[in-house]
Amino acid sequence: MQLISASTEDFANTTNILAKSELSEDSDDDYGDYADESEVSKQTRQRNSSIFERVGTFYSWDRWEKWSKCSTTCVQIRKRKCIERFKNSTEEATVERRFYPGNGTVGCFGVLKRYRQCKEERCKAGKHRLRDEQCERFNSVPYREVFYNWVGYEKEHDECMLFCRPVNSDLVISMNQSVTDGTPCNRPAVYYTRFYRLQAVCVEGICRAVHSSGLIRPVTTRDSQLKCGSVLCKLVTENFNQTNLTEGYNYIAKIPIGAMNLSIRQTVQQNGNSLALKSPGEVFLLSGNRSKTAINGVFTFNDAHFEYDQQKGLITSKGPLLTAVTLMYYCVDIKSAMNDVQYNYTIPISSAPVIQDEELQAVWDKGGKLINDSDAGYGQRLRERKRQRFTWKLVRFGECNRSCGPGTQTPIFRCVSGRESSPRHYSPIRCASVEKPTFNDDIYNCNKGLCPAFWRPSNFSSCECPEGSSIGQRARHFECMQEQIKGNVILVSDKLCPDRENLPEPCRCQDLNEKINNATQLQV
């Protein structure tokens, strides 16, 4: 399939043809913000008032702007500005400047933008249809003087860029623009972790995971500025230059799941020492041992393609890796000079975590130092308010740990809002400071009826041996027992137990020599 990046000259007059539709009025719906807006506004007023009295340059967040409209996209965006206040002396008036942090200018730290999904029916369309609709807008625009009927094409690791192809053609064109916000995608940064909830959308060119509430992880001033395809990422660069190596394979590092743009280089090669890669199943993908695989060219592991140049001592892979691999150094001559191994890769990362105290009570000076001027008791009041708003609810019990007889069942709690009557569940983080309710132990008991009666054997009798025989017989008595509702086991009628025959069992008889030896040992 041929992939081409379209230039502005290939499509003519797209501005007028692809005009945005008119905005419609939208009001804030029942999406809940994590913090109490009225309390945040109160803290902001107190904070801003205190800054007016300070001499110097200080920064604090302004109030949040209104949510954007849902008429043109399927994601609402809410931003806020940072306020810079400057004052030379107590006699002078304070000078203010408002700006959005970015392009090297920060001032304020924390959440810059918030996102949430729109609830319109059109936003519930399948991801392929949404991409098709975006590409269909180019049907009336000539591409290299030819009109095409375009359909959407999803590029696996660049899902938030708009790619289109003509119907019945393998020619794929990059439209040099991001897909519309809210277009579903498959691989956000958390795709490679156990926290992925299997729902994600593109927002401003980045594939972001979506919470079950419809909220999308916000943008913070501490987010990585490096982009890998449709995710944010960070660069990892390391050197391995140990000298106390052992003969054979030496561990260097584990290359994690999700690693992209992998490059591993052995800077100095001599005396047969070389690189090696091993899978989690202890299978060598690339071996330094010449009796195993060590060839130039391309090899594949779990859909990831690696290229190995033995002469240059170089391993590369575009990735992303779906399985972690172990990088090792195969050492033949431990007396040779130190061999440096340089490796680097990029790894997808989510937005930086939100620091709540900083988010609600922060003032920064010109050097970026945090100055807390807000009400010291606010944090405690906020935690108390969360206890009142969110609570644990016992929703059901797990399976009984026994198929019959007395057992126990595990309670299953969910975090719910005390202000809502709907059965909506929230992240356990919201209830982290709230204790789960306790009940009488009887509520955890379960019983699916009496278990079947069973035979309980007594000890074996002594072995009865016929004269001159090495094989004898022994027997034991069986009692019919049954566990009761309270867990006690009692003797019951033999009729309740399954039929069985009390047949003697064979046993080994001691010969004359063994008896003499045993008797001698006892005497000693």
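Arginine 131 lies in helix H3, which spans residues 127-136; helices are DSSP runs of H or I with at least four residues, strands are runs of E with at least two, and both are numbered from the N terminus. The model is predicted, so local features need pLDDT of at least 70 and side-chain atom pairs count only at pLDDT 80 or more, whereas totals for chains, interfaces and linings use all residues. Residues are numbered from 1 along each chain as its sequence is written, and side-chain values use heavy atoms, with hydrogens and water left out.

**Arginine 131**
- Arginine 131 counts as buried because its relative accessibility is 2% (buried: under 20% relative accessible area; exposed: over 50%; partly exposed in between; 1.4 Å probe, protein chains only).
- A polar atom of the arginine 131 side chain lies 2.8 Å from the backbone oxygen of glutamate 159.
- Leaving aside residues up to four places away in sequence, arginine 131 touches (heavy atoms within 4.5 Å) several residues, including Glu154, Glu159, Met161 and Thr183.

**The open sheet**
- Seven strands form an open sheet with antiparallel pairing, in the order S13-S14-S23-S16-S21-S20-S19; two strands pair if DSSP finds at least two bridges between them.
- Strand S13 (226-228) and strand S19 (297-301) are the edge strands, each pairing on one side only.
- Strand S16 (residues 260-266) and strand S23 (residues 341-348) run antiparallel and are joined by five bridges.
- Methionine 260 has threonine 346 in S23 as its bridge partner.

**Methionine 175**
- Methionine 175 is placed in strand S9 (residues 172-178).
- Methionine 175 is buried, its relative accessible area being 8%.
- The C-alpha atoms of methionine 175 and phenylalanine 163 are separated by 5.9 Å, the two residues being 12 apart along the chain.

Note on methods: Polar contact = N/O pair within 3.5 Å; in protein donor to acceptor, adjacent residues only side chain to side chain.
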